[in-house]
Every structure is written in structure tokens, then in C-alpha cells.
Amino acid sequence: MPTDSSQDSRLRINVLGSVECWFGGERVRLGGLVQERVLVSLVLEAGQVLSVAQLVDAVWEDSSPATATHQVRKAVARLRQLIPGGSGVLVTETSGYRAVLTTDQADLLQFNAFLAGARTAMLDRDEESAADHLERALALWRGEVLSGEGGQLIRGAGAALLERRTAAVEQLINLRLARGESAELVGELRALVAAHPLRERLRGQLMLALFRSGRQADALEEFGQVRSLLADELGIDPGTDLTALHERILRNDPDLVVPAPAAPARHPPRPLPEPDPPRQTRSLPNDLTDFIGRKQELEILRLLIDAPPNRGPRVLAIDGMGGAGKTSLAVRTAYSVAERYTDAQLYLDLRGFTPAEQPMSAPAAAEALLRMLGVPTGNLPDEPAARVEFWRASVADRSVLLLLDNVSDVAQVRPLLPANPRSLVLITSRTRLIDLDGAHWISLGTMSSEDSTAMAATVLSDQRAAAEPEAVADLVELCGHLPLALRIALSRLANRPRWSIAYLVDRMSDESRRLDELRSDERGVELTLKISYEGLDARHRASFRLLGLHPGRDIDVSSAAALFGCSESAAETTLETLLDAHLLQQHEFGYYAFHDLVRSFVRQTLNSTDHGDAADVPTALESLLDYLVHTSDHVCNLLFAGRVRLPTGLANPPPVPPQLLDHKNARVWLARERATLEAAAVLAHERGFDRHTAHLTRNVVFQLDAIGLYTEFAEITELSVRSSRRLGDRELLHLSLANSAVANWKLGRFEAGIAAISEALEIARELGDTRGVAKGIGMLGLLTAHTGRFDEALPMLQESIGIKRELGVARAEAESLVNLSSLYEEWGRYPEAVEAASRAVALDDEHHIHGQQIIACASLAQAHIGMHAYEKADAHLGVARALVEEFGAPAGNAALVFALSALALHRLGRHDLSNHYADMALRNHRGHWTTTRQVEIDNIVGRLRRAQGRYSDALTHHESACEVAAAIGYRIAEARALAGIGEAENALGHTEAAREHLRRADESFAAMGVPPAARS
């Protein structure tokens, strides 16, 4: 362990739990996940050298990106900048990096030091010192390293630390047992056993603590449970130590008893006021015989019940949306501990959310509870407040379990709480009663997929569920994992044995009738949600309905404020109120969401006209769309320099959230809100907000293009075209048609793209839009070239480049130069291809247009490969690879660079590196390539495999390219694929098939004017 005293003692790095770095009491921000995992890895192996490869595995394991090595080195450099004295903490070694830390600079090193101190103390028989060292070590523990995430290095070290910590806990408990503690250890040991059910040492310690607390039967029951668990899980019996302890407890061995510390003196219990002996002390409802799941929640509730008591009653409250199973969980919990509360076990429904009934007042509840205790009516005080006091006096010294169900507010329950620590109060409510001091709260969510599936098997039978596993999974999803919905749906199936599960799934797939399918007699999901909804005040009901207009899965405060027409702080207060009422969920701070069935309910409610508190829906929707248009417009203008700025036509544009004024947050927002913007454009088109549709589409296609969602790109631009036509705005129609042409090009729909861009070009000329004309001519040339009409495409591309050069739009000129270079290369005019691509590279480099420069370098390299200048090709591809690593690139573009690199390097004799880049090309997210890029890369890899003598593989790639190219009319790519197929078949001895494919290829090449030398 490093002990260099020159290190700054103000530095502190914590890895036991979340990763933290502190200096002089101030927290140091470490940056992203890569930096955290690199730092954790080095701290876990402090003093040892870790290679870059080891760090890559620690961060990503089997899913490392192409830029992993660069990212690790960059992360170390950044950490050195962020951590004061970081260059002395993270030291570069010949083969990697090493963390140099003193014991007091890292919680992990302190943890290990305290454990070592405990071992030394035990050897010296100093048990008090050993316990002190163990307690100090365990106090440092805040959780697993990175929550168990990361590569094998982190997970392995984390697992070893967790084992070390558990062993320390066991050792400390042994010391505490030796000094006479027992009852106070039971709750803590139960929690540990729940976390580590197969650790026999912990189980033995719990048995011993129970035995010494006078609970011999409970101790023996623990042995029975662990014996069953070991048999079921591992097929073994308990070990000899645990078995021997069980036998000693069974015979009440006096040697197991340790004198307990003297108990504090207790005051005699106060006598009950007057009530007669109780006639009825148990009124709990029946427990569900087929109760499923909720193991974690049950364990938490049991641990809270087992914890040492405070002065007042133990109050456990369960909140959750209607139908989540709160009452079932509370009843199951009550039965599990009922035997502890020997004086009374009482249940009362306070009717806080009961249809057509008013919530029960505290005095009325007190009267009902007193009657359960057997108090005659004549003995009840006349005054309501006096009845509450009489109830409290009646249970002041009794051991009472009180389950108060369906609570609406604090005023109902606070007066009913017994004033002694011997009582347990269980509360269920649809809203969290935040003013109920001293209560422990559990928010009950939906069921897990495993528990939901298990419920289906239990209700329907294992055989019926197993016969339709996919339909069961669909049914669970349609019910939103909500227990009430599942029980109703499964009950319908159980009562209709001739129905298939798939049939009910089909009926429920129609959202407009889903809630109708989840109704049975007097209960139903819709009724349950309606009760929660009607419990809101008028303003919150109106806000809840307006949220049904929101097209996104997640709702942020800013967009909600736009919908509500209020400030962000007021919107957040409303959202939090709906969250407390469990009509909204929150999976991430700052964002709110509907449960799927609540979304169905709110949309159904929104469409209803029976609202005494009706909101102006069209105005609210327009306000939301205004916000989304203006914000996405600002974000795109910020992120995409040089794009043409168009007026949105909004009379009073809403403000942009301040956090979106910098590039980083803007980029994150656009990526996150992509689906919302897309859905908003569709909604705007449906509701007749055509201008919003066009502007939202213009902004969201940037993100759709970047992540390769080309079908969605095409679909939404078609909506934009239709909205623009309906609007009669020629400028927006031109923009929409141009985007439609791009989408069709990406999908390989060349004729549709030509039709769209031809109309867009006509409009641009009509409007006098010179830049639009240049773009239209260039796009038309590109699409025409893909259809093999090179002689028609050439003058179009040249004209487009000339106009763009005159306008001084370097980005657009460089883009067209790349297209011109590709045309020349496909035509076999390699020197001209080199000239055009060289100019594009120079422009991109001068203006720092890194994304375009990658493709320009690839085009230049492709032209050099055509001229057999492989050294030059590799040099340009090296630049492209470096740019991909530093700045990233769309999957298809990166794959093209790697495929060309593999071909060039093979020609240079660097075969291992060639195979490496070929593998990278083929692994690079093929599903996100454009159709044309897929064809090009298959042909390049096929060409490489032919050069390697791997003719069967070559045939596979060329046949794939040929099939797709023929389907989309990509003539030059089809011809190259045919030629590749012919050459591969020829090498495989398929002479006749080879001759036919080569004949077809030559005919196609000749028709396009490609010379024989350029046909390989």
C-alpha cells in the first residue's frame, strides 16, 4: 500500500458505493462514465500497473467501441486535469497507468487498513480494539463498487470486496454476541440473512440471537427455512456447524446462554379506562391465497417491523396508484406478524377513495374501532373528540395491530394512532401523506415481468400459460403490469376456457376499448382511476387532462408549462401533485410519465365533453407545439452551423430554457426529445397545425438521419409535404420536398427522390432561391448518377458546385465535390475523382467540417485505390480513421472507412491489420447503414475476399450487394456486384455461371460508359 507522505492529505477518492472525489471539502466533478470506470479500476488496483487493454476491458468488456483505446487515454488525461495534483496520483508507466495514493486518500485503502488492524487485534486477543476497527471499516461502506457495473476487472474486484465486507460483518456480530447482545441484533441479522440467504454463518448467528432472546421456537424455525432453501437451491443439507447449533438449541443447551446486560427498569402499564373485555379482537380481511410476488416489499416491511421500537407506535404506510395491490400487500404483511400483537388485530376501510361515499372522519373511525374492541354503544362518549380520546386511552398499553385502508389524508389517521411502541399501524393510501411524521413509506409500483407471468400461470394453470407464452407476455404488457388489471383480465380468461389468451390480447390491442375489457362487475381499472381523478381539485383535473395531449412518453417541466400556460415553477408544483396522487410516475428526475393504462384513461377523459372545469384544448396544444418548434429550432441553429434560418411564423415565441443555451445540453436535448418531436409533428399534422408540422419535421430529421432511422425520416417528411401543400406555403413545400428527396435517396428510392427534388428545384427557381437551386441541381445530379446516367449527372453536379462556390457556401460546395468525385470514380475517371475529392478535403479541413471530411477522405482514398496508389489511399484513410475516433461518425460512414482501409492494407501486405478493419466494418451497426452504403460496403468486402482467395465469402457479399442494388436500381453497384460474382464463381470452378454473370456485367458497364480497366 502506498504511503508517500508527500501526497496531499486534502484529496479523498471514494469508490465504495458511488464514485466521489473530494479536495479540501469541495467535491470534484469527474465527468462521464468512462472516466469514473477508469478511475475506479486504478483505485481498485492502487499501486499496480494496469495496461490500456485492461482498462478497456474494465470499462466495456466485450462491447468496446472502435475508439476505446483513445477514450481511455483521453479519460486519464482529463482525470489528471480535474483531480488536484492528478499527475502525481495517476502515473504513466511503460505498459499503462498506476494510481499512487496514501491510505487516507481513498476509502478503499482505509477500509483494507481497518480490516488489517482488526486481524492484528484479534491475534493480540484485544476484542474491543478488533470490534472498533471493524465498525470503522464498515462505516466506510456505502454500497457496491459502481453498483456492480463495469467490466470483469471491476465486477471481480467488487465481488471480492463485497465478500470481505460480509465476512467483516459476521466477525463483528460474533464479537457483539460474545459481549452479551442478542435481541438488539435480531432485526439487523434478519436484514443480512435476507440479503445473503445461503450464508450459514449468518443464519447461525440469527438462530443464536433468537435463542438468547427467549425465542427458541423462532430459532428452530430459522433452521427449517435454511434447510429447505439449501435443498431447493443447491440440493444439499446444512453444514455440520449449523446442524450442531440446531441440536444444541433443540435440547436447550445452557452453555449457549450468555448473561444479558441489565434491562432498564420499566414503569407498570397504565390500566385501561373502562371498556369491557373485548369480544372481537381480530377483524383482518381474508388473505389472498394466490398472492404473488412483492418479495422485496414484504422483506422491507418485515425489517421495519423488526427494527428496535421508538417511543410511539410503529407506522408503516404503503402508497401507490389505484389497482397496484396496496391492500393485498398490507393484509399479507399483517398476517405475517399477527401473532405478535396479541390484544387486537383490527382492519378499517376509511373510504378515502370509494365510489359514491364520503371519506370516514377520525371520530367515526374511532367509534368503529371501539365497537370492534367490544365497547357497548352506551359506554361511548357523546362528543366526537371525546370518542377519539377514548379510543386512544383504550389502546394506550395494548399490543395492537391496526390496518387503516384507503386513507385520503392525514387528518383521518393522525388522531387514531396508538401512543405506545407495542403497536403496529399499517396504512394504505393512493397519495403519499407527507405530513404524517414518523411514518415509514413504501411506494408500490407495478409488478415485475416475472411476477406478472407467475400470476398468469397461477390463475390460468401452468399448462394454459405455457401453451401461449408470447400471448402471456403481450397480455402482461397491455395490462401495464398492474395487479388489478391482470386479475380482471386473467379472471375473464379463467371463466372463458374456450378463449385463447391471444384472442383477449387482440381485443385489448385497441386502446380505445382497452379499459372496457378491464372491467368486471363493480370493479375495473377505469373506475379505480376515475376515483383518483375525481379526488383532485378542478385545476389539477384540468391540468391532468391537458397532459393527455402531450405526444411524448416523458414530459419535462418546460413542455408542461407550455401546455398549462404557466411558469415552470407552477407547472412543477402541479406535476408533483399528480405524482403524489400516483396519476403520474417519475423514472428520472425532471421527467414525468403516464402508466400505460393511465394514458388510455386520460385520453378517454380528454375526449369526453362532460367537464365542468373544461380547459381550452386547442390553445393548449398550440402553445405546446409553439414551444417545441421554437426550442428545436434554436437547438438546431446552435448545433448545425451554416443551416438556412427560416422564420417560424410564431407571433410570440416562448422562451428557450436557459440550460439549452450551450452545445452540450442542446445535443443531449435533441437526442432525448427526438421521439417526442417526431410524435408532435404527426399530432400537428392530424390536428391541422400544418406550419408546426413542417418546422418540427425540418428539425427532427437531423436526428433521424444521424441515428439511421431512414424509414421514419421518409414517413415524416411525407407528412411535411402534405402539410405544406395544405398550407399553401411554397417555401415550406420546397424545404419539405428537398428533405423527402434526401430520405428517398437514403432508402435507395431513386425515382421517388428524383420526382421530389425536381419539384423542389422548380419551386426554388420560382422563388428566386439561388441556394435552393444549387442544392436541388446537386441532389438531382447525385440521384441521376445512382441510376447509371453518368453523362446526364455530370453537368448537374458541375453546375451545382459552381453556384455554391459563387455563394461562398463552403460546406455545401465540399458536399457536392464529394458527390462529383464518386461519379468520376464509378465512371473510371480516377484522376478527375482525385482532383474533386482533394478540393473537398481541403475545404472541409479549412472550415473544420469533420463529418464531411471523413467521407471526402474516403472518396479520395477510393479514387487512389482505383489508380492502384495504395500508399496514398492508406494515408488519407488514416486521417479519416483518426477523425472517426475523435469525433464519431454515422455507422455506415465509419464502416465504409474501415472497409476501404482493409482493402488498401491488404494490397500493402499488412494482412493482420487488414483483417482487423474488415471485422470492424462488418460489426459496425449494419442496421443503421443507408441502403446504398450497404451495397457499396458489400462490394468492397467482396473485392477484399477475392484478393484474399476467400471466394465463397466473396460470393456471399457480392450476391447480397447484387440483390439489393437490382431492387433499388443502383446500376453501377449492380454491375460491380455481377462482375464480382463472375470472378468468384470462375475461381470456384463454376465456369458457365461465371461467364453469364460477367457477360451481364460487361453489358451494363458498356451502357454506362465505364471503360474495361475500371470494371474490376
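A charge sits over a ring if NZ of Lys or CZ of Arg is within 6 Å of the ring centre and within 35 degrees of the ring normal. Keep that in mind and select Arg829. Its charged end sits over the ring of Trp827, 4.7 Å from the centre.

The model is predicted: local features need pLDDT of at least 70, side-chain atom pairs count only at pLDDT 80 or more, and totals for chains, interfaces and linings use all residues. Residues are numbered from 1 along each chain as its sequence is written, and side-chain values use heavy atoms, without hydrogens and water.

Next, select Arg672 and Tyr591. Arg672 lies over the face of Tyr591, at 3.6 Å from the ring centre.

Now turn to ring pairs. Rings of Phe, Tyr and Trp (its six-membered ring) pair if their centres lie within 6.5 Å; planes under 30 degrees apart are stacked, over 60 edge-to-face, the rest tilted. The structure holds 10 aromatic pairs. One of them is Phe640 with Phe702, stacked at 4.2 Å centre to centre and 10° between the planes. Phe640 is in the loop between helix H28 (617-639) and helix H29 (663-672), while Phe702 is in helix H31 (residues 690-706), 62 residues apart. Helices are DSSP runs (H or I, at least four residues), numbered from the N terminus.

Check exposure here. Buried means under 20% relative accessible area, exposed over 50%, partly exposed in between (1.4 Å probe, protein chains only). Phe640 is partly exposed at 24%. Phe702 is partly exposed too, at 28%.

Last, select Tyr533, Phe544, Phe594 and Phe601. They form one aromatic cluster.

Key:
Helix = DSSP H or I, 4+ residues; strand = E, 2+ residues; numbered from the N terminus.
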